[in-house]
Structures are given as structure tokens and as C-alpha cells.
Amino acid sequence: MAHMSGPHVIRGSVSLPEAELKWRFSRSSGPGGQHVNTSDSQVELRFDLAATEALPPVWKERALERLADRLTDGVLTVRASEHRSQWRNRETAAVRMASLLAEATAPPPRPRRKTKIPRGVNERRLRTKKQRGDTKRGRSGRGWD
């Protein structure tokens, strides 16, 4: 069997553990001509997130939490059937799996720090508001008698 193009890196030095990936192949729907009915080009890639030891515990917790609605019994599944060749579909599935995990294990964004509005800015805003109001009040035509 031809080997995939190197390990699929999730982030930093952590990559998808080749040994823990389970592949399943089936016939893909869609175009493909006469070739389509004979080859299992659709790829389903499964990765047991709950049981893996390949991810740092913190990442694993984060991923389990964030991907909760995508998991079936702690297993993450990715399907690929865009390409006509099984090999390219395998590549696509592995890349998709790696990027999903990369996103799910990313550290949470820093909380936003509130900034104080300078007093001058506030006063200027209120002053222009007042002027605008006076302008509009002057349009009513009252006091012209």
C-alpha cells in the first residue's frame, strides 16, 4: 500500500497518530463514469478521540468539549468523496481531520479588555449632539411671529 504524504500535523509537534486511524472505504455517489461502480473511492476516517493518548490531556479535554456534537461514543468521523481516486480522498479526509482537531484544540482567545473612553471624546460627542439639536429646533419656525 502506498503511504500517505507524511504525518498530518495538528499543531506544533503533535500529529495524527497513524496507528489510531481507522479507514473504511465504500462506493461513492456522484460522477466517475464506468469506473465508479467498481471502486470504493469514498473514504470514511474514524479517530477515537476519547481513548487516544496521542494528544496532550489539556488538548484532549478541549477537543472533547468542543466537538461534543460531532462525536459518536467519543469517536470523530470524517468522510471524503469529492475525488474520483481513493488515494486523493484519503488525503482530503486526513487533512480535514487534522484541521478539525487543530481548531478544536486551539487555546481559547484572550478575553477582551475594556478600554476607557477619554473624557474629551465624550464631551465632544455631547457638544455636537447639542448643536445638532439646536439646529433642528431652529427649523421649527416658532418664535418668528
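Tutor: Start with the two helices. Helix 1 and helix 2 are roughly perpendicular to each other, because an angle from 65 to 115 degrees counts as such. In this predicted model, helix 1 (residues 57-66) packs against helix 2 at about 100°. Their axes lie 8 Å apart. On the helix 1 side, the contact uses Trp59, Arg62, Ala63 and Arg66. On the helix 2 side, it uses Glu103, Ala104 and Thr105. By class, that contact has three nonpolar, one polar and three charged residues.

Six bridges join strand 3 to strand 4, and the two run antiparallel. Lysine 22 stands opposite arginine 46 in strand 4. Arginine 46 also stands opposite threonine 77 in strand 6. Strand 4 (residues 42-48) and strand 6 (residues 75-80) are antiparallel and joined by six bridges. Leucine 45 stands opposite valine 78. Valine 43 has alanine 80 as its bridge partner in strand 6.

How enclosed are these two strands? In strand 4, five of the seven residues are buried, so this strand is largely enclosed by the rest of the structure. In strand 6, five of the six residues are buried, so strand 6 too is largely enclosed. For the chain of 145 residues, 30% count as buried.

Strand 5 pairs with strand 6 over two bridges, in the antiparallel sense. Threonine 72 stands opposite valine 75 in strand 6. The two strands form a hairpin, with two residues between them. Aspartate 73 is in that turn and has a positive phi of about 50°. The loop between strand 5 and strand 6 is its place. Aspartate 73 is exposed, at 76% relative accessible area, because exposed means over 50%. Look also at alanine 50. The C-alpha atoms of aspartate 73 and alanine 50 are separated by 7.9 Å. Along the chain, these residues are 23 apart.

Arginine 96 counts as partly exposed, with 32% relative accessibility. Neighbours within four places in sequence aside, arginine 96 is in contact with Val78, Arg79, Ala80 and Glu82. The C-alpha atoms of arginine 96 and leucine 45 are separated by 9.8 Å. These two residues are 51 apart along the chain.

From the N terminus on, the order is β-β-β-β-α-β-β-α-α. Among contacts with a separation of 6 or more, 63% join residues 24 or more positions apart.

Last, confidence. The mean pLDDT of the chain is 79. Of its residues, 83% reach 70 or more. Confidence is highest in helix 3 (residues 119-138), at 94. It is lowest in strand 2 (residues 14-15), at a mean of 69. Where pLDDT is low, the predicted coordinates should not be read in detail.

Notes
Residues are numbered from 1 along each chain as its sequence is written. This is a predicted model: local features need pLDDT of at least 70, side-chain atom pairs count only at pLDDT 80 or more; totals for chains, interfaces and linings use all residues. Side-chain values use heavy atoms; hydrogens and water are left out. Two strands pair if DSSP finds at least two bridges between them. Helices (H or I, at least four residues) and strands (E, at least two) are DSSP runs, numbered from the N terminus. pLDDT is the predictor's confidence in each residue, from 0 to 100. Axes are lines fitted to C-alpha atoms, for helices over the stretch in contact, and angles run from 0 to 180 degrees between N-to-C directions. Angles under 35 degrees count as roughly parallel, over 145 as roughly antiparallel, 65 to 115 as roughly perpendicular and the rest as oblique. Contact means heavy atoms within 4.5 Å. Ala, Val, Leu, Ile, Met, Phe, Trp, Tyr, Cys and Pro count as nonpolar, Asp, Glu, Lys and Arg as charged, and the others, Gly among them, as polar. Buried means under 20% relative accessible area, exposed over 50%, partly exposed in between (1.4 Å probe, protein chains only).
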